[in-house]
Amino acid sequence: MRRNYLTLLVSVIIAALQGFNVANAQSVKWDSTYRPGKYVEIVNRFKADSKSKKDFVFLGNSITAGTDWAKLLDLPQAKNRGISGDITFGVLERLEDVIDGKPAKIFILIGINDISRNIPDSVILRNYKTMISRIRKGSKRTQIYFNTLLPVNSSFAKFKNHYGKDEQILWLNEEIKKLSAKNVTVIDLYSNFTDQDKHLRAELTKDGLHLIPEGYKVWADFLKSTGYLN
């Protein structure tokens, strides 16, 4: 009798914990419609910019937006299409304008803001695959380069919603690596920016999330050394 009682008690506790986890997961809200404050203004500026089939388009959020790619890489055809605060849904919304230009290469780095806004990993991954599918359909000769997400460094204590998500970053990066099966070139930025604790190297960032010029130099040197710019 006592054994049956203990078994029943354990079952009740497990069921209660599972119910709590489900309820907690369901209470986490996320919004696919979020766009940064200057999103429309910046998108319109991008649309007005000239386009060429020789363009190398760097597409993403503030980490992409934070440098002059043409100057950094000494490539006049490099176009910056980063918008600070953008998420994968924002990139999908403005992707057609990029595709219409039939650029030679597109370099994509996006997702850390999705993570900070509690967008599920599976949804982020689905959006990655949708980007690839749309580019493939609309500009068959465009070479697609997908960057793994950069690590973050919580010691700066400035972007708390982006911190404590290391497992999500690692999971998405592993999934990004699998995109190579879709004839996509995967650029593993993550491993170039981690310290011994798997955090973003402090000497390359100003706030634990964004890069300083030394960080962009690491990025640029890596791109040049791998031949991805050829």
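**A first look**

Tutor: Lys 102 is partly exposed, since its relative accessible area is 34%; buried means under 20%, exposed over 50% and partly exposed in between, with a 1.4 Å probe and protein chains only. Please note that the model is predicted: local features need pLDDT of at least 70, side-chain atom pairs count only at pLDDT 80 or more, and totals for chains, interfaces and linings use all residues. Residues are numbered from 1 along each chain as its sequence is written, and side-chain values use heavy atoms, leaving out hydrogens and water.

Student: Where does Lys 102 lie?

Tutor: Lys 102 belongs to the loop between H5 and strand E3 (105-109). Helices (H or I, at least four residues) and strands (E, at least two) are DSSP runs, numbered from the N terminus.

Student: And what is phi of Lys 102?

Tutor: Phi of Lys 102 is near 50°, which is positive although the residue is not glycine. Most residues other than glycine have a negative phi. Asp 74 also has a positive phi, near 55°, and is likewise not glycine.

Student: Which loop holds Asp 74? Is Asp 74 buried or exposed?

Tutor: Asp 74 sits in the loop between H4 and strand E2 (78-82). Its relative accessibility is 66%, so Asp 74 counts as exposed.

Student: Let me step back. How many helices and strands does the protein have?

Tutor: There are ten helices and five strands. The protein has 230 residues, of which 46% count as buried.

Student: What share of the contacts joins residues 24 or more positions apart?

Tutor: Such pairs make up 73% of the contacts with a separation of 6 or more. Contact means heavy atoms within 4.5 Å.

Student: Where is Asn 147? Is Asn 147 buried or exposed?

Tutor: Asn 147 is part of strand E4 (residues 143-147). With 2% relative accessibility, Asn 147 counts as buried. Beyond its neighbours within four places in sequence, its contacts include Phe 107, Ile 108, Leu 109 and Trp 219.

Student: Back to H7. At what angle do H7 and H8 pack?

Tutor: H7 and helix H8 (residues 166-178) pack at about 30°, and their axes are 11 Å apart. Axes are lines fitted to C-alpha atoms, for helices over the stretch in contact, and angles run from 0 to 180 degrees between N-to-C directions.

Student: How do H2 and H5 pack?

Tutor: Helix H2 (residues 39-48) and helix H5 (residues 88-100) pack at an angle of about 20°, with axes 10 Å apart. H2 and H5 are therefore roughly parallel to each other as well. H2 contributes Tyr 39, Val 43, Phe 46 and Lys 47 to the contact, while H5 contributes Gly 90, Glu 93, Arg 94 and Asp 97.

Student: One last topic: in which loop is Tyr 163?

Tutor: Tyr 163 is placed in the loop between E4 and H8. Tyr 163 is buried, with a relative accessible area of 9%. Setting aside residues up to four places away in sequence, Tyr 163 touches several residues, among them Val 152, Phe 156, Asp 207 and Gly 208.

Student: How far apart are Tyr 163 and Ile 112?

Tutor: Tyr 163 and Ile 112 are 51 residues apart in sequence, and 10.0 Å apart in space from C-alpha to C-alpha.

Definitions and conventions: Parallel < 35°, antiparallel > 145°, perpendicular 65-115°, else oblique.
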